[in-house]
Amino acid sequence: MARNSTPQLHVQPTPEAVLHDVARFFVTRARQAVADRGRFTVALSGGSSPRKLYELLASPAYRTQVDWAKAYFFFGDERNVPPTDAESNYRMAAEALLTPLGLAAGQVFAIDTSQGPAEAARAYTQTIQEFFGPEPAIFDLVLLGLGDNSHTASLFPHTPVLHEALPAAREVYVEEKQTYRITLTAPLLNQARAVAFLVYGADKAAAVQHVQHGSRNVEEFPAQLIEPAGELHWFLDVAAAALLVPTHE
Ligand SMILES: O=C1O[C@H](COP(=O)(O)O)[C@@H](O)[C@H](O)[C@H]1O
């Protein structure tokens, strides 16, 4: 598949400004997708960084700008916990965005962890295939975060899922956290029309630098696997961008 993944950098002075930048990008992509294809499909990220973005999207300033009835929400990864658990990516997104928007049940596709990680991954692969039908599963937008160890979604360093060649969901045992997670594979994430990383804070600066400018080593820096067929955007604050060499455009 042709790659179009020269990263487009969007650097803002504060995390709050970055969040507004991503919210505007989200709205633009949602409106464009609905105009072009009649619906908007998005894979949400988890962890701590996106909660404020989701709250912003549900706030009056942004929620009126999207036809949410035509939006379909998936998850890039999930922890192997019930949806009520404080660690659940679904719970975070539901509290901050999905419940406030009052979406219909058929618009939100959570990863069902009730049967264990392997079955969760198998079932989620099937859920995605059934939603997209015979067409390739191409999300209009994939939101991603970046761990300070350069993981993204739940593509963690030195895990077998980094070598998965199929566009699918897979379980992964994360040694450093002594737990399973479920993640979309890099080939599936890379089918997206647009991928947007949201990264802020000085603790992420080294990972940002390694992923973007380090020598290629996907075992150490799994986010280097993200080379989408569509656009690749990095939304950073100055602290997270601090180790990038400035370029003059
Ligand atoms: O574990 C996760 O971490 C990454 C990065 O999260 P952050 O808390 O450092 O912002 C995130 O992309 C992923 O979805 C999440 O499960």
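Mentor: One definition first. Axes are lines fitted to C-alpha atoms, for helices over the stretch in contact, and angles run from 0 to 180 degrees between N-to-C directions. Keep in mind that this is a predicted model.

Trainee: Fine. At what angle do α1 and α2 cross?

Mentor: Roughly 55°, and their axes come within 10 Å. Angles under 35 degrees count as roughly parallel and 65 to 115 as roughly perpendicular. α1 and α2 are therefore oblique to each other.

Trainee: Left-handed or right-handed crossing?

Mentor: The crossing of α1 and α2 is right-handed.

Trainee: Which residues of α1 and α2 meet there?

Mentor: From α1, Leu-19, His-20, Val-22, Ala-23 and Phe-26. From α2, Lys-52, Leu-53, Leu-56 and Leu-57. By class, this contact of α1 with α2 has 7 nonpolar residues, 1 polar and 1 charged.

Trainee: And α2 against α4, how do they cross?

Mentor: At roughly 10°, with the axes of α2 (residues 51-58) and α4 (residues 89-101) coming within 8 Å. So α2 and α4 are roughly parallel to each other. On the α2 side, Arg-51, Tyr-54, Glu-55, Leu-57 and Ala-58 make the contact. The α4 side includes Met-92, Ala-96 and Leu-101. The contact of α2 with α4 counts 9 nonpolar and 2 charged residues, with no polar ones.

Trainee: Switching to the sheet. What's the strand order?

Mentor: β1-β9-β8-β5-β2-β3, an open sheet of 6 strands with parallel pairing. β1 (8-12) and β3 (71-75) are the edge strands, each pairing on one side only. From one strand to the next, the twist averages 20°.

Trainee: How many bridges join β2 to β5?

Mentor: 2 bridges, between residues 40-44 and residues 141-144. Ala-43 has Val-142 in β5 as its bridge partner. Helix α1 (residues 15-37) packs on the sheet and touches β1, β2, β3, β5, β8 and β9. The direction of α1 makes about 155° with that of β9.

Trainee: What about β6 and β7, parallel or antiparallel?

Mentor: Antiparallel, over 6 bridges. Ala-169 stands opposite Leu-184 in β7. β6 and β7 form a hairpin with 4 residues between them. In that turn, Gln-178 has a positive phi of about 55°.

Methods:
Residues numbered from 1 in each chain as written. Predicted model: local features only at pLDDT ≥ 70, side-chain atom pairs only at ≥ 80, totals over all residues. Pairing = 2+ DSSP bridges. Contact = placed C-beta atoms within 7 Å. Parallel < 35°, antiparallel > 145°, perpendicular 65-115°, else oblique. Nonpolar A, V, L, I, M, F, W, Y, C, P; charged D, E, K, R; others polar. Left-handed = near helix turned anticlockwise from the far one by under 90°.
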